[in-house]
Amino acid sequence: MKVTVVGAGAVGASCAEYIAIKNFASEVVLVDIKEGFAEGKAMDLMQTASLNGFDTKITGATNDYSKTAGSDIAVITSGIPRKPGMTREELIGINAGIVKSVSTSLVEHSPNVILIVVSNPMDTMTYLVHKVTGLPKSRIIGMGGALDSARFKYRLAEALEAPISDVDGMVIGGHSDKGMVPLTRLATRNSVPASEFLSEERLDQVLQDTKVGGATLTGLLGTSAWYAPGAAVSGIVQAIACDQKKIFPCSTLLDGEYGLSDLCIGVPVVLGRNGIEKIVEIKLTDAENAAMQDSAIGVKATNALI
């Protein structure tokens, strides 16, 4: 199992670290445009191998996609991150060109690769990869929902004053502050609806805090977060590499599901060795469906910019 991570910045390096520590891949290749940067990150990570007990080989390359040849999975994190006050949508001009070039280079050297898109605006970048590469929809996956759901569960556990292992929840919709649809109705604490423990007002606060989760961190850090995005990616990569058949909410190209077509947006999918093996359609309430449709309008408006 060979995994490539394009972009050796904070998010890309975290992806590589978490994938290596889980020890399911034989090789991780880091690629970056900055001279020596990916090689340095790879060397630093390899020097943790004996301390963290993994045997995954991590190598780095400066803009040399021949080193990625034969990759089973590739993660695209390249592009500029958010600054405080920026929306994900404002990154589109620069990041669209980068993602187009990167995805084309990856497919040229690994025609059977499964692509995972992290670069923002993530739903639109995922859609762009479809248009540029022509790969089957099962092999192009946007990461956002997995991250948003992790942030949702963090906020739920905080509100419930419960261990996070007791909590479950899911966020669908667009990976944007306005587009996220946290499904508070389906959130649980050890199979008991969270609404049994929390008032409607408190659940709504959890929802609102989840939607601005990325912006909150950008304000605190001065740039985009990296630990949770890296962990979200590693979970998706492991589900594919190990054929786990796990359900994650991911951005995928819809063709009538949820009443939507010709866009990529976050919905629950089953992930296995073939990438997206099934789109799971859950019955939404009228309010949830309305929020989903509004989210789709926002995603399509961003798509129109490319």
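Predicted model: local features only at pLDDT ≥ 70, side-chain atom pairs only at ≥ 80, totals over all residues.
Contact here means heavy atoms within 4.5 Å. Leaving aside neighbours within four places in sequence, I265 is in contact with D123, G173, G174, C250, S251, T252, L254, L260, M292, S295, A296 and V299.

I265 also has a place in the largest nonpolar core. That core holds 53 residues. I116, I236, V237, I265 and L271 touch the most other members. Helix α9, residues 227-241, supplies the largest share of this core, with 7 residues. A second core is separate and has 20 residues, including A74, I92, V99 and V129. In soluble globular proteins, nonpolar side chains tend to be buried together.

Start the helix packing with α6 and α9. Helix α6 spans residues 144-160, and its axis lies 9 Å from that of α9. The two pack at an angle of about 120°. An angle of 65 to 115 degrees would count as roughly perpendicular, and one over 145 as roughly antiparallel. The angle of about 120° therefore makes α6 oblique to α9. The crossing is right-handed. On the α6 side, the contact is made by A146, L147 and R151. On the α9 side, A228, P229, A232 and I236 take part. By class, this contact has 6 nonpolar residues, no polar ones and 1 charged residue.

Now turn to α4 and α5. Helix α4 covers residues 92-109, and helix α5 covers residues 122-133. Their axes come within 9 Å and cross at roughly 45°. Angles under 35 degrees would count as roughly parallel. The crossing at roughly 45° therefore makes α4 oblique to α5. This crossing, too, is right-handed. From α4, the contact draws on I92, N95, A96, V99, K100, S103, T104 and V107. From α5, T124, M125, L128, V129, V132 and T133 contribute. The classes here are 8 nonpolar, 5 polar and 1 charged. I92, V99 and V129 of this contact are also members of the second core.

K131 lies in helix α5. Is K131 buried or exposed? Its relative accessibility is 56%, so K131 counts as exposed. Along the chain, K131 and K100 are 31 residues apart. Their C-alpha atoms are separated by 9.2 Å. K100 is one of the α4 residues in the contact with α5.

S78 sits in the loop between β4, residues 73-76, and α4. Its relative accessible area is 11%, and the cut-off for buried is under 20%. S78 is therefore buried. Which residues does S78 touch, not counting those up to four places away in sequence? They are V6, G7, I98, V99, V102 and S119. V99 links this site to the α4 contact with α5, where V99 also takes part.

Most residues other than glycine have a negative phi, and most peptide bonds are trans. The bond joining N120 and P121 is cis, with omega about -5°. P121 is found in the loop between β5, residues 114-117, and α5.

Where is phi positive in a residue other than glycine? K245 is one case, with phi near 60°. K245 is found in the loop between α9 and β12, residues 246-255. At 42% relative accessibility, K245 counts as partly exposed. S191 is another case, with a positive phi of about 75°. S191 is found in the loop between β10, residues 188-189, and β11. At 65% relative accessibility, S191 counts as exposed.

Strand β11 covers residues 192-193 and contains P193. P193 has a relative accessible area of 33%, so P193 is partly exposed. Not counting residues up to four places away in sequence, P193 touches A187 and T188. P193 and V167 are 26 residues apart in sequence. In space, C-alpha to C-alpha, P193 and V167 are 9.8 Å apart.

Note on methods: Residues numbered from 1 in each chain as written. Heavy atoms only, no water. Axes fitted to C-alpha atoms, helices over the stretch in contact; angles between N-to-C directions. Helix = DSSP H or I, 4+ residues; strand = E, 2+ residues; numbered from the N terminus. Left-handed = near helix turned anticlockwise from the far one by under 90°. Nonpolar A, V, L, I, M, F, W, Y, C, P; charged D, E, K, R; others polar. Core = buried A, V, L, I, M, F, W, Y, C linked by side-chain atoms within 4.5 Å. Buried < 20%, exposed > 50% of the residue type's maximum accessible area, 1.4 Å probe, protein only.
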